[in-house]
Amino acid sequence: MNIGTDVSSMPSTSDVVAILKAHQITHVRLYDADSHMLKALADSGIEVIVGVTNEEVLGIGQSASTAAAWINKNVASYMPSTNITAIAVGSEVLTSVPHAAPILVTAMNNLHKALVASDLNFQVKVSSPQSMDIIPKPFPPSTATFNSSLNSTVFQLLQFLKNTNSYYMLNAYPYYGYTNGNGIFPIDYALFKPLPSVKQIVDPNTLFHYNSMFDAMVDATYYSMDALKFSGVPIVVTETGWPWQGGSNEPDATVENAQTFINNLIRQVSNNSGPPSQPTIPINTYIYELFNEDKRPGPVSEKNWGVLFTNGTAVFPLSLSGSSQITGNSTTVFCVAKDDASEDKLQDGLNWACGQGQANCRAIQSGQPCYLPNNIKNHASYAYNDYYQKMHSVGGTCDFDGTATTTTSDPSHGSCIFTGSSNSSTSGRVSPPEAFGPISPFGGSTKLPVSKIKFLIAAACLLVVLL
């Protein structure tokens, strides 16, 4: 879960680790090798990807001794207390710092050789996150290829990943694929929502049906590798997400869309399957990002990708119904709307709960703490739960004509506190745990929890983030 650190009220590194533990986040990624964060992560059991900054790539590529010094200072000196499992070399180097492209793979090789010398090469993998921009025409996926001007560098990169049993790091953003797509694809396709039969997205060459832009982006990358005669290099999506607030010219950056994208992503990735061309290879995924970076320049949306506030509470309800979950020590049972309930039935249930059921529905009125996200499922969940908490001891049920279900995961988010929650409005409280445990991208070398989503912490330094 990317924690960029351009945050006005950035928590201390110890508080960040406490928030990670409270949410059962077991894998983090740092954009650099910040010593304070690496020390705070010691003995936490959390797996860590450290980052070589774009500014460091040239020096490491030009000098094996610089690479060895980097490994000694930023990796070897923290292990095994801090569980470092990978190094991300730069961030989208091929598109963001193209002058460094010719030396990128040399830098990766130098780092790998330094790991071999330190006997750490089996524990720590080396890769480099790349943007979808290096694939000029990602649809249809079956004809996708890498930018031909980068073929030499990409070939060397893939050869390195194959030789070292590493994986391809991909930053895939359906939000940008949709907003920059001039209306070619429907927004439901970007949000993992079902498409009507007359609007199915089909690759004309393979006849594969693509139910999400996310799957198509991953497959476009697999096919681009195949065009260079490479197979067997797995893809890990190192960044994906959706902004929950935007400016007047960014109408698709909303709380409702962000909640839909993130929860549908979790459900999709948790089913342990891959994209149509690689159905048996799970798409291990990191979500961008943990906190809003309100100090970042650029449009409003650039500042609003975080899924948690800095006090640890969720910006919007995070549903884990698509994955195995660890519910922590909560003994409270909440009543919430089912994900697949029809809006008509939910509206009927909401009307009954707020009327005859005498639920207190003031909090879901406009301007009140639980009004956002402004959708029927969110409002029904609040009303259903308020009724259930007051009435279940005297026979009230959590059914609402089959549209409700019970959960031990606290659905409170931000300043919206559900009836029965142990949460409070105090700014320092961390919300109850929710499980976001990942699959290891490197096979069975690590012991991991059961759910399949990875959160990544991308912490640059505590003052400046390099994205």
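A pocket here is an open set of points on a 1 Å grid over the protein atoms alone, where a 1.4 Å probe fits, with protein on both sides within 12 Å along at least five of seven lines; lining residues have an atom within 4 Å of a point. A volume is the space filled by probe spheres set on those points, which are joined across faces, edges and corners.

This is a predicted model, in which local features need pLDDT of at least 70, side-chain atom pairs count only at pLDDT 80 or more, and totals for chains, interfaces and linings use all residues. Residues are numbered from 1 along each chain as its sequence is written, and side-chain values use heavy atoms, without hydrogens and water.

The largest pocket holds about 780 Å³ of space. It has 30 lining residues, and M132, D133, Y173, Y176 and G177 are the closest to its centre. Helix α10 gives the largest share of that lining, 3 residues.

Now the second largest pocket, at about 580 Å³. Its lining has 20 residues, with K193, T260, N264, D339 and K377 nearest the centre. Here α11 gives the most, 7 residues.

Last, one residue. S127 sits in strand β4, residues 125–127; a strand is a DSSP run of E, at least two residues, numbered from the N terminus. Buried or exposed? S127 counts as buried because its relative accessibility is 1%, and buried means under 20% with a 1.4 Å probe, protein chains only. A polar atom of the S127 side chain lies 2.6 Å from the backbone oxygen of Y167.

Definitions and conventions:
Helix = DSSP H or I, 4+ residues; strand = E, 2+ residues; numbered from the N terminus. Buried < 20%, exposed > 50% of the residue type's maximum accessible area, 1.4 Å probe, protein only. Polar contact = N/O pair within 3.5 Å; in protein donor to acceptor, adjacent residues only side chain to side chain.
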